[in-house]
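Subject: The two-chain model

Hi,

Here is the structure I promised to send over. Please have a look at it first, and then read my notes below.

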Amino acid sequence: MSIKLKALLKSPWVFHLSTGSCNNCDIEILDCLTPRFDIERFGMLLVGSIKHADVLLITGSGNRKSMERAKRLYEQIPKPCLVVAVGECALSRGMFIHSYNCPVPIDKVIPVDVYIPGCPPKPEAIIAGVVKLIEKVRKSTEKK
Amino acid sequence: MTREEVLDDLRKKFKDDIIEVFDKSPKRVYVEIRPDSIVQVASYIFKDLKARFNTASGVDLRYHMEILYHFLIEDINLLISLRVKLQKPKLEIDSLSPIFEGSSWIEREIHEILGINFRGHKDLRKLLLPDDWPEGVYPLRRDYKEWDKNVIRDRGV
């Protein structure tokens, strides 16, 4: 387990999943990949297939239809994996908390490792969250 | 045709069908018509006036439901909204999907969310709601009540 996670930290490949967000968080995530913020210096890359990914990055409030798909994606991602929730909607559903179509928050369905708040979070906040995640996993592997 | 000609034409042609014409702004006109004559009026606007069907919107207004069909005549930049009022217990109207395919999906959406029945629509399946959504529960009606027992409505703090 620990060697797998250690290897994962060098280049965590990210699969970006939007469960019905307003696309503002998605735009900020794409901003992270631009030369200005350049999240690739941590070895991160957006991949097109869940089977190539180490990190599942979720945005959006998680409605009844898309959470079924999210569950299915979580089953397909190679373990060990990390799950990052980006944006207020993914954390607590934000303004959609009383919506008929958003019954439960995402972290009741899928175990979430890092929460990045904001509506939308700045690219700096996303990078800070990701660095904290890497630090946390590195510390947990060093102990063992 | 200019804007005035279009409106006069509509008034003359559908004298018995039109209840009220509300001239809101130079770009926008609301035409309230009787529910039975929606197919005639809509097909005239679509085929003869060469308008584009934008979308339709349904509203639940306590005593009746309202559907607005938005048509845009691009040459003169005029948006005509056909307003139809449906009295509450009997929510039925003729479907426009046999005339133009574009109204098919928005009618499916209004059907699942407000429970209005479109006569003559070939395929009134669910569009946005999940398949296990219970029958006869319409989320954007005023009398909608929470039906799911497993929902969480607090932020956990």
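I'll begin with chain B, whose secondary structure comes to 3 helices and 7 strands. Please keep in mind throughout that this is a predicted model. Of the 157 residues in chain B, 20% are buried. Looking at contacts in chain B between residues at least 6 apart in sequence, 48% join residues at least 24 apart.

Chain A has 5 helices and 5 strands. From the N terminus, its elements come in the order α-β-α-β-β-α-β-α-β-α. The radius of gyration of chain A is 15 Å, close to the 15 Å that the globule rule gives for 144 residues, so chain A is as compact as a globular protein of that length. The box filled by its C-alpha atoms is roughly 45 × 35 × 25 Å, again along the principal axes. Buried residues account for 37% of the 144 residues in chain A. Among contacts in chain A with a separation of 6 or more, 82% are between residues 24 or more positions apart.

Now to the sheet in chain A. As a reminder, strands of a sheet pair through backbone hydrogen bonds, either parallel or antiparallel. Here, 5 strands form an open sheet in the order β2-β1-β3-β4-β5 of chain A, and the pairing is parallel. At the edges are β2 (45-46) and β5 of chain A, each of which pairs on one side only. Further in, β1(A) and β3(A), the latter spanning residues 55-59, pair in the parallel sense over 5 bridges. If you want a place to look, find Val14(A), which stands opposite Val55(A) in β3(A). The helix α2(A) packs on this sheet and touches β1, β3 and β4 of chain A. The direction of α2(A) makes about 140° with that of β3(A).

Which residues have the most contacts inside the largest nonpolar core? They are Leu56(A), Leu57(A), Ile58(A), Val84(A), Ala85(A) and Val86(A), in a core of 27 residues. Two or more residues each come from β1, α2, β3, α3, β4, α4 (88-92) and α5 of chain A. The most is given by β4(A), with 5 residues. In soluble globular proteins, nonpolar side chains tend to be buried together.

Finally, a few backbone details. Most residues other than glycine have a negative phi, and most peptide bonds are trans. These are some places that depart from that pattern:

- The peptide bond from Lys79(A) to Pro80(A) is cis, with omega near 5°. Pro80(A) is found in the loop between α3 (64-76) and β4 (82-86) of chain A.
- From Cys119(A) to Pro120(A) the peptide bond is also cis, with omega near -10°. Pro120(A) belongs to the loop between β5 (114-116) and α5 (123-143) of chain A.
- Asn23(A) is not a glycine, yet its phi is positive, at about 80°. You will find Asn23(A) in the loop between β1 (13-18) and α2 (24-32) of chain A. With 13 other C-beta atoms within 10 Å, Asn23(A) is partly exposed.
- Arg62(B), another residue other than glycine, has a positive phi near 30°. Arg62(B) sits in the loop between β3 (52-61) and β4 (64-73) of chain B. Arg62(B) is exposed, because 8 other C-beta atoms lie within 10 Å and 12 or fewer count as exposed.

How values were computed:
Residues numbered from 1 in each chain as written. Chains lettered and ligands numbered in written order. Predicted model: local features only at pLDDT ≥ 70, side-chain atom pairs only at ≥ 80, totals over all residues. Helix = DSSP H or I, 4+ residues; strand = E, 2+ residues; numbered from the N terminus. Pairing = 2+ DSSP bridges. Contact = placed C-beta atoms within 7 Å. Axes fitted to C-alpha atoms, helices over the stretch in contact; angles between N-to-C directions. Core = buried A, V, L, I, M, F, W, Y, C linked by C-beta atoms within 7 Å. Rg over C-alpha atoms; globule rule 2.2 N^0.38 Å.
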